[in-house]
Amino acid sequence: NEGSRTLALLTLALEKTTLWSVSAATPFSRMLTVFSDWIVPLRITDVNGAKVRPTRVEDLQALDSLWINSPGAPYRYAHSGCDLLAIYRQPAGIGTQLTVTYAYSSPALSSGTDVPLFRPEYHIQLVNYAVYRMRQVEGGKEFEKGLGYLNEFLDAAQAYGDYERDRAARCALLHAHGDHFTGGIELPQW
């Protein structure tokens, strides 16, 4: 489960789109209280489909020193850390709904029939992460041996994240070499 959560965080590959009810006159929201699997926002649109643009809190302050009390239709957002999301212009009256697409953390795998939500070709990377963690606990030379597994995991996470974020990509080629590439996979005889 730790490897799966780490892969979700590094790649932002698991996306969920849903409606979010924004309360009136509320500049900040703690997103983990709204969505328990929240990692980070990817896209936000209003009810008409117009994009709510990302920015930084510092930029909101430079744009409008009273941004924290500015009523109107939301058109900018900023996030701080993984949990805090700021909306500029805050809806007046009864609030509004926004469509939010966010990266989410994978659910815990608790039974023998559970399957990771990542593409099957990356499942072996979860095994590599587990081997690294087991070797890390053993310490010393075993920890050093486990670093190869961690490097493979991180390299694959980078490639997977790049592929998922590239909207123009139609396929990805996974290849590697070295002692640990197919650790845990039984390849059919040639």
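Reply: Tyr-77 stands opposite Ile-87 in strand E6. Strands here are DSSP runs of E with at least two residues, helices are runs of H or I with at least four residues, and both are numbered from the N terminus. The model is predicted, so local features need pLDDT of at least 70 and side-chain atom pairs count only at pLDDT 80 or more, while totals for chains, interfaces and linings use all residues. Residues are numbered from 1 along each chain as its sequence is written, and side-chain values use heavy atoms, with hydrogens and water left out.

Now the pairing itself. E5 (residues 76-80) and E6 (residues 84-88) run antiparallel, joined by 5 bridges. Two strands count as paired if DSSP finds at least two bridges between them. Ser-80 has Leu-84 in E6 as its bridge partner. E5 and E6 form a hairpin, with 3 residues between them. Gly-81 sits in that turn and has a positive phi of about 70°.

E6 also pairs with E2. That pairing is antiparallel too, over 3 bridges. Here Ser-29 stands opposite Leu-85 in E6.

Step back to the whole sheet. It is open and has 4 strands, in the order E2-E6-E5-E4, with mixed pairing. The edge strands are E2 (28-30) and E4 (53-55), and each pairs on one side only. The twist averages 30° from one strand to the next. Such angles run from 0 to 180 degrees between N-to-C directions, and the axes are lines fitted to C-alpha atoms, for helices over the stretch in contact.

How enclosed is E6? Of its 5 residues, 4 are buried, so E6 is largely enclosed by the rest of the structure. Buried means under 20% relative accessible area, exposed means over 50%, and partly exposed lies in between, with a 1.4 Å probe and protein chains only.

For reference, there is another open sheet. Its 3 strands are ordered E1-E7-E3, with antiparallel pairing. E1 (15-22) and E3 (38-45) are the edge strands, each pairing on one side only. The twist in this sheet averages 40° from one strand to the next. E1 and E7 (residues 96-104) run antiparallel and are joined by 8 bridges. Lys-16 has Tyr-102 in E7 as its bridge partner.
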